[in-house]
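Have the model open in your viewer and let's take a walk through a few parts of it.

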Amino acid sequence: MTSRDRLLGLTVVVLWGLNFLAIRIGLDHFPPFFFAALRFAVIAVPVLVFIPRPAVRTRWLLLYGTGFGILQFAFLFTAMRAGMPTGLASLVLQSSAPFTVVLGAVLLRERLRPVQVAGLAVAVLGMVVIGADRLAHATVLPVLLTLAGGLGWAFGNIGARQAGADSPGFDPLHLTLWMSVVPVLPLLALSMAVEGPGTGFRALGAAVTNADGLPALAALAYIAILATVCGSGLWTYLMSRYPAGTVAPLSLLVPVVGIAAAWVVFDEEPSVAALIGGVIVIAGAFAATTARRTPQPAPERSLVQV
């Protein structure tokens, strides 16, 4: 990887790491399901007007949007609203990497090398350490909700992978943008059913009309434009130039930025046990996702994570 592209990769890491701070700020003003719907609606409207639909099967687009968009952010935002620390959320969400490996083996019959199995075991051990630490200091429910978000992301990854395998030559960025169309209405419906029909819209109206809402609107703009469009665009560019095993490990640096930024901005000092568990998780995820795969009968397109 060239120095320029390595710098672009680190830029993505910073954008995605700081994204968790924006999520925290937004959740201080908006209810979680509505905020998740709003996060995708900001992107979905111009996508429907200006971006051509990628030539992929609808079922894979729906799986990608349901897993990555609905399940991941519904669980993640609920977890953070329920007390999941910002930095720890950025770490536990990396469980999506080993979850993706497991789903690939179960659903796609991908063969696992011994080093991948060992990596999965190590990642699970790290999660147990984090869960035990949280249980000693507070409820473990936010950790479980964040893990559910990581599992949702993994299902989205399977949808993106299958879209690429079935339709080689499509534009991955267009798939990412069109994925944003899928979660809007389901998340709005979920918000109305759980949070109340007018709760989210009243919060949006207050954010637009009151100066106190400006940080929430700025956080929404950051998530939609910088973290999603710019971050995902750069990531897609790098994935198109290099093997997935070269680019994907950079995403494991996101929790480093997330934890450090939350420590500085929100004074969220992580416990020693949580940091140890985090290092174990990252080590296991690295081993599970970067090991060379056993050759398959049919070639697959590299996974694009965003």
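Gly 196 comes after helix 9 and has a positive phi, near 110°. Bear in mind that this is a predicted model.

Now step back into helix 9 itself, which covers residues 184-194. Val 184, Leu 187 and Ser 191 are buried there. What do the buried residues of helix 9 pack against? Their partners are helix 2 (32-50) and helix 3 (58-81).

Next, move along to Leu 238, which sits in helix 11 (residues 214-241). Leu 238 is buried, at a relative accessible area of 0%. Setting aside neighbours within four places in sequence, Leu 238 is in contact with Asp 5, Leu 8, Gly 9 and Val 247. Take Leu 8: it lies 230 residues from Leu 238 along the chain, yet their C-alpha atoms are separated by 8.2 Å.

Last stop, the second largest pocket, with a volume of about 230 Å³. Its lining is made of 15 residues, and Pro 85, Arg 134, Glu 269, Pro 270 and Ser 271 lie nearest the centre. By type, the lining splits into eight nonpolar, three polar and four charged residues. Helix 4 (86-92), helix 6 (114-137), helix 13 (254-266) and helix 14 (272-290) each contribute at least two residues to that lining.

Definitions and conventions:
Residues are numbered from 1 along each chain as its sequence is written. This is a predicted model: local features need pLDDT of at least 70, side-chain atom pairs count only at pLDDT 80 or more; totals for chains, interfaces and linings use all residues. Side-chain values use heavy atoms; hydrogens and water are left out. On a 1 Å grid over the protein atoms alone, a cavity is a set of points where a 1.4 Å probe fits but cannot get out, and a pocket is an open set with protein on both sides within 12 Å along at least five of seven lines; lining residues have an atom within 4 Å of a point. Grid points are joined across faces, edges and corners, and a volume is the space filled by probe spheres set on the points. Helices (H or I, at least four residues) and strands (E, at least two) are DSSP runs, numbered from the N terminus. Ala, Val, Leu, Ile, Met, Phe, Trp, Tyr, Cys and Pro count as nonpolar, Asp, Glu, Lys and Arg as charged, and the others, Gly among them, as polar. Buried means under 20% relative accessible area, exposed over 50%, partly exposed in between (1.4 Å probe, protein chains only). Contact means heavy atoms within 4.5 Å.
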